[in-house]
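This report describes a protein together with its ligand. Please read it with the sequence and the structure in view.

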Amino acid sequence: MSRDVLPQVPLLINGEFVQSRSSEWREVINPATQQRLARVPMATPDEVAAAVAAAQAAFKTWRKTPIGQRARIFLKYQQLIRDNLKSLAATLTAEQGKTLADAEGDVFRGLEVVEHAANIGSLQMGERAHNVAGGVDTYTLLQPLGVCAGITPFNFPAMIPLWMFPMAIASGNTFVLKPSEQDPLVTMRLVELALEAGVPPGVLNVVHGGEAVVNAICDHPDIKAISFVGSTRVGTHVYQRASLAGKRVQCMMGAKNHAIVLPDAHKEQTLNALAGAAFGAAGQRCMALSVAVLVGAARAWVPELVERAKRLAVGAGDSATTDVGPLISCAAKERVEALIARGVAEGARLELDGRLPPLHGALKDGNFVGPTIFSGVKPGMVIYEQEVFGPVLVIVEAETLDEAIALINANPNGNGTAIFTQSGAAARRFEEEIDVGQVGINVPIPVPVPLFSFTGSRASKLGDLGPYGKQVIMFYTQTKTITARWFDDDAVTSGVNTTITLK
Ligand code: NAD
């Protein structure tokens, strides 16, 4: 397709899909084939300002919209997403690369948050205490903040935008979304469906861009809260810059997720879980298992793990036989290949080398790296210290469970971890001692369902409250406490009270 006829990704401002006037654009590219799919603008400062102004104006009425009316929009929205699941997944796979089945999972995990948003009536409730002093009641209101913004990464272009705007809007805020510029197409389709479900003009707005647009969002005085998901480097910058501008900020960031394998673990289940969680989505998940800590006799399981990884098929995500799709970009592929070379140079044992998988036809140009396994990895090696964000599993050894726990607690990241064992006592010790926010027990990717919140910790998270679940209601609302007394006509006057005591 020639440059001129590539579709242009619009902005959404005040209920209208509009073409950007920017002079700066980048292309959205199918990572399996390098086919160019669309052009996405880096929005201008005026366009960002217009999106925020539209959200600010819409907030005046949206904040007072009855809670049932807000809930019903999300009831309709969840049905629209369900009806369009297959086509959403196809769009996602074309621009992001993951398999169609996994793309459906990406949409579905977001859909679960939309279902949760439809439940806003029972979530956004205050508290009330009767007679805190004679005839005095105290109660709280959870009021929306105003304009909120979301900045999302490339790796879950459906789920992560759906972590953000449904809960923010359902609780009475208006929203400006900045999707990943690498794969904005499925996000835009989800936004179209949100309008079809009844989200009014100005309540949801979208701007595209990179660093400059993100900085404008951090600085804008009318934006009250920012939810960011992405790398630790960018998230730390967003947290600092937006906090300095007085905003509420939550940043869910990078990871290095360890799985402990005890020798009493169910071997088949464990090896399957490790291979699926290390290499699924080509390792481009913030909850991917990228470090296996084999304890005691489990150290002998490496050859069987390698056999399983070898059997995974590398290819385009839209092929039913593919297990591992491409990396998002040529730059990501080069970076992962360079890290593998670094691991070899640092003396780790390359048990399985996924570089240059044999692919044919259009896929020869794709950003493919196959499953890769290193054993003999030690803290201090770059492949242990850095988030690879590719299909690379590093194996570390430990003598005991306590040694394995100490290793994980010494790592700065705290996103996810898992233990594989048949011992309840070992699992209980692990869950109590491990300093990581999301813990799996024989569950390799313990991303909580939206009844709970996503609870990454330490270097993987900045801000106190997580996305979705109950925590996000606190994030997207301001608690106001009312203390009230009403006098009967015959109430006795007790004179002037000059103390702080409520009488
Ligand atoms: P990224 O940090 O490069 O990009 C995230 C967002 O920030 C994008 O919208 C991007 O446009 C913007 N951005 C990029 N560079 C910027 C800059 N210099 N200044 C301001 N904004 C900038 O992340 P990514 O590569 O899209 O996503 C992968 C990362 O996200 C991984 O580190 C992964 O672990 C992390 N992630 C974390 C979670 C979580 O919940 N903890 C979930 C998914 C992904």
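## Hairpins

Strands β5 and β6 form a hairpin with two residues between them, and Gly-135 in the turn has a positive phi of about 70 degrees. Here strands (E, at least two residues) are DSSP runs, as are helices (H or I, at least four residues), and both are numbered from the N terminus. The model is predicted: local features need pLDDT of at least 70, side-chain atom pairs count only at pLDDT 80 or more, and totals for chains, interfaces and linings use all residues. Residues are numbered from 1 along each chain as its sequence is written, and side-chain values use heavy atoms, with hydrogens and water left out.

Strand β5 (residues 128-133) runs antiparallel to β6 (residues 136-144), joined to it by three bridges; two strands pair if DSSP finds at least two bridges between them. Ala-129 stands opposite Thr-138 in β6. A second hairpin consists of β3 and β4, with six residues between them; in its turn, Gln-34 has a positive phi of about 70 degrees. Five bridges connect β3 (residues 25-29) with the antiparallel β4 (residues 36-41), and Val-28 has Ala-38 in β4 as its bridge partner.

## A further partner of β6

Strand β6 is also joined by nine bridges to β22 (residues 477-485), and the two run antiparallel. Within this pair, Tyr-139 has Ile-482 in β22 as its bridge partner.

## The ligand and its surroundings

There are 27 residues around the ligand, and Thr-152, Lys-178, Glu-181, Ser-231 and Glu-387 come nearest; a residue is near a molecule if one of its heavy atoms lies within 4 Å of it. The shell divides into 14 nonpolar, eight polar and five charged residues. Asp, Glu, Lys and Arg count as charged; Ala, Val, Leu, Ile, Met, Phe, Trp, Tyr, Cys and Pro count as nonpolar; the others, Gly among them, count as polar.

A polar side-chain atom of Glu-181 lies 2.6 Å from an oxygen atom of the ligand. A backbone N or O atom of Phe-154 lies 3.0 Å from a ligand oxygen atom, and for Gly-230 the corresponding backbone distance is 3.3 Å. Elements that give two or more residues to the shell are α6 (159-170), α8 (211-219), β10 (223-229) and α9 (232-244).

Key. Polar contact = N/O pair within 3.5 Å; in protein donor to acceptor, adjacent residues only side chain to side chain.
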